[in-house]
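Please keep the model open while reading.

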Amino acid sequence: MWQSMSTETFLFETARWILFAVITFVMPILTIGVVRKTRARMQGRMGAPLLQALFDLRKLMQKSEAVSSTATWIFRSGAGIELANMLLLSTLVPWIANKPDGVSSDLFLIVYLFALSRLFAILAALDSGSPFGAFGSSRDATLAMLVEPASLLALVSLAVVAKSTEMNVIFSLTNVLLAHDPGLWFLAGTAIVMASLVELSRMPVDDPATHLELTMIHEAMLLESSGRNLALREFTRALKMTVLFGLSAQCYLRAWDDFWHFPVVAQVWLSIGGILGLALLVGLFESVSVKLQWRKVPEFISYCMTLSLLAAMVAVARGVVH
Amino acid sequence: MSFTPAEWSLIASATVAILMVGSLHVRVNLFGYCVLTVLISLATMFSAIDHHETSMFYLAGAIALLKGISIPLFLYWIIGKLKLGSDSGAVLSAPLAMHLNIGLTIMSYFLVSEFPVPLGELRTWVGAMAAISMVLTGIVLMLIRRLAISQIIGFLVLENGIYIFALTQTRGMPLIIEMGVVLDVLVGVMIAGLLMFRIQSSFEHIDVSKLTDLRD
């Protein structure tokens, strides 16, 4: 691939990758910042500066680490594996318009790479030997099991219409098969937003701001991490949030594309704006909603499933019409 | 697939109806009914623009005011008076009923594709599908709920479905007939509301599943 490239193309591709890498490292911090700022403003506080997550990361990187005496290499390497996996995912998932075309981006590969990072999070939490880690991971696994069919179905219904399971093809701007389906894109985008709220253990499912033993899900798995380990995990989570919000923002942008066609140059700004806009909406939603009772969570997920089923229905109906 | 604005609003209203089935909170259901009816009134307005019918504009306004705002407000008042919170549900759990409803929508899609289309008529399968789906949603809502007020909401959704069918399959009915139907519904809901007060004062609940156990 590299041999056949002229110097200009090579330089252009390199510049694209560098720009992409910069965005990948800056966006998670901004996204977290926007969510926290919105929540603070809704509560009548000034809130921490937008880049507070970056300062927190720097602080955590300098702190020393306490590791449980029962922990093995699994706990030590868990955070690194998760981050590596998430960085790989960020080059595969089409979450931003200027993502360079990488290797294969099969949607099943992507869904199960997300599951792989969860597996390592659960293993690390169990390995630390803390009882909180154990119940946190059991809840996390339950939620993952409930939400997986919904997110998979939403992506598959897009894939059926696009006649390809490659995410790069489905989300490509030049794809004519999906060009006039705002309804399908909207349903899939909303299903992915709701699924990602569950996946990231955010508000209606779990309150990331509380550390009450009885209710926490994701935080329970992080309790034993400290110092650099915690910094890596926090960044991984922020990156996951950005990638998932980016994916749904792309869905909404494609839905809007049918009514008003944007120039290609604007797409990067629109993607960034879409992610930050979704973060703002999530912040607003988190300030007005309450954390659901654990027994009520499946009802919330059932709405996500309903949207995915409707998307599947649209996809099937299209197959019948054509 | 490209739809007209009227078709988009009808699809959105049928979707809202399906989402209503998933919640057992009476207030949430009433809000859903309000949104759904306003969407139907929008659809009426868009088809008035399409067909150049001035009388349908008045009809759209009447639907939004009477069915979309007055009825929900009246029912809100009743909920406040009777101190109702959420329905306990019967037969099927709410999420399952919602998923069943999507199955019913697919069924109505295949049902509608069998309809004969008169020559020279517009393509109206979207409206017919939304209508039949909404009628079925209303029936499901009435079947899986216990409280009398949920039965009223289910009936109202069903009635909206019938209205959509009339709207999309004909070139507009005479204004006077539509107005009569809207007023009939308003009066019907008022009478049903008063009846609920009577049931509440006689039996101290409005759970319809327990009304069959009556002994004198």
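Is F25(A) buried, partly exposed or exposed? F25(A) counts as partly exposed, at 44% relative accessibility. Buried means under 20% relative accessible area, exposed over 50%, and partly exposed in between, with a 1.4 Å probe and protein chains only.

## Basis

This is a predicted model, in which local features need pLDDT of at least 70 and side-chain atom pairs count only at pLDDT 80 or more, while totals for chains, interfaces and linings use all residues. Residues are numbered from 1 along each chain as its sequence is written, chains are lettered from A and ligands numbered from 1 in the order in which they are written, and side-chain values use heavy atoms, with hydrogens and water left out.

## Aromatic pairs

Over all chains, the structure holds 9 aromatic pairs. Rings of Phe, Tyr and Trp (its six-membered ring) pair if their centres lie within 6.5 Å; planes under 30 degrees apart count as stacked, over 60 as edge-to-face and the rest as tilted. F25(A) and F235(A) form a stacked pair, 5.6 Å centre to centre with 10° between the planes. F25(A) lies in helix α1 (residues 7–42) of chain A and F235(A) in helix α9 of chain A, so the pair ties together parts 210 residues apart in sequence. Helices (H or I, at least four residues) are DSSP runs, numbered from the N terminus. F235(A) is buried, at 9% relative accessible area.

The pair of F186(A) and Y252(A) is tilted, because the ring centres are 5.7 Å apart and the planes stand at 55°. This pair also links distant parts of the chain: F186(A) sits in helix α7 (residues 182–199) of chain A and Y252(A) in helix α9 of chain A, 66 residues apart. F186(A) is partly exposed at 46%. Y252(A) is partly exposed at 25%. Elsewhere, ring pairs link W17(A), F20(A) and W95(A) into a cluster.

## Helix packing

Helix α2 (residues 52–62) of chain A packs on helix α9 (residues 227–257) of chain A at about 150°, with the axes 6 Å apart. Axes are lines fitted to C-alpha atoms, for helices over the stretch in contact, and angles run from 0 to 180 degrees between N-to-C directions. That angle makes α2(A) roughly antiparallel to α9(A) (angles over 145 degrees). Helix α2(A) contributes L57(A), L60(A) and M61(A) to the contact (heavy atoms within 4.5 Å). Residues on the α9(A) side include R228(A), E234(A) and F235(A).

Helices α4(A) and α5 (residues 131–162) of chain A pack at about 175°, with axes 10 Å apart. They too are roughly antiparallel. Among the contact residues are F108(A) and Y112(A) of α4(A), and D140(A) and E148(A) of α5(A).

## Loop residues

N98(A) is in the loop between α3 (73–92) and α4 (107–127) of chain A. N98(A) is buried, at 9% relative accessibility. Beyond neighbours within four places in sequence, N98(A) contacts R16(A), L19(A), F20(A), I23(A) and V268(A).

Most residues other than glycine have a negative phi. S201(A), not a glycine, has a positive phi near 45°. S201(A) lies in the loop between α7 and α8 (218–222) of chain A, and is buried at 0% relative accessibility. K83(B) has a positive phi of about 55° and is not a glycine either. K83(B) is in the loop between α3 (55–82) and α4 (94–113) of chain B, and is exposed at 73%.

Note on methods
Helix = DSSP H or I, 4+ residues; strand = E, 2+ residues; numbered from the N terminus. Parallel < 35°, antiparallel > 145°, perpendicular 65-115°, else oblique.
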